[in-house]
Amino acid sequence: MGSNGSGKSTLLEAVAWTLYGNETPIVRVNKESIKNVRAAGKDPVSAELGFSLEGQKYVVTREMRGSTLTSKANVTCQGVLVVEGPTDVNAYLKELL
C-alpha cells in the first residue's frame, strides 16, 4: 500500500520484466519504456529475481545495455547456470512456470 507514484506498479512491472523480458504483454510501449526516464542514454538496466520451486532455488537475471539496449538474460538453479540468452531464458521459464 502506498500513495500514487510511490512505485507499487513499478515493482510488479520489474518482476514481470525479469521473468518474461521484452514481450509485448509485459512491456507496455517498447523496451525503452523499461528504463527510468531520468537514466542516461547508455546507463544499463538490470534486474535479478530469486524464487524457490519444488525445493530448488532459481535466480533469473536480465539486463539491457548500451544505446540499443542489447538484451542479456540467464537462469541459475542452485547456483549452476541452466540457460542463457533472452530467447532461451523466455522458453525455459515458460516451460518451468
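The legends below describe close-up views of a predicted model.

**View 1. The aromatic pair F51 and Y58.** The model holds one aromatic pair. Its ring centres, those of F51 and Y58, are 5.3 Å apart, and the planes meet at 15 degrees, so the pair is stacked. Both F51 and Y58 are buried.

**View 2. The largest nonpolar core.** This core has 11 residues, and F51 and Y58 are among them. Two or more residues each come from β1 (45-53), β2 (56-65), β3 (70-77) and α2 (86-96). The element that gives the most is β3, with three residues.

**View 3. Surroundings of V89.** With neighbours within four places in sequence left aside, V89 is in contact with R62, A73, N74, V75, V83 and E84. Another core, of five residues, lies apart from the largest one; W17, V45, M64 and L69 are among its members.

View 4. E54 sits in the loop between β1 and β2. Its phi is near 50 degrees, a positive value in a residue other than glycine. Most residues other than glycine have a negative phi. E54 counts as exposed because its relative accessibility is 78%.

**View 5. L69, a buried loop residue with positive phi.** L69 is found in the loop between β2 and β3. Phi of L69 is near 50 degrees, again a positive value in a residue other than glycine. L69 has a relative accessible area of 4% and is therefore buried. L69 is also one of the five residues of the other core.

Technical notes: Residues are numbered from 1 along each chain as its sequence is written. This is a predicted model: local features need pLDDT of at least 70, side-chain atom pairs count only at pLDDT 80 or more; totals for chains, interfaces and linings use all residues. Side-chain values use heavy atoms; hydrogens and water are left out. Rings of Phe, Tyr and Trp (its six-membered ring) pair if their centres lie within 6.5 Å; planes under 30 degrees apart count as stacked, over 60 as edge-to-face and the rest as tilted. Buried means under 20% relative accessible area, exposed over 50%, partly exposed in between (1.4 Å probe, protein chains only). A nonpolar core is a set of buried Ala, Val, Leu, Ile, Met, Phe, Trp, Tyr and Cys residues joined through side-chain atoms within 4.5 Å. Helices (H or I, at least four residues) and strands (E, at least two) are DSSP runs, numbered from the N terminus. Contact means heavy atoms within 4.5 Å.
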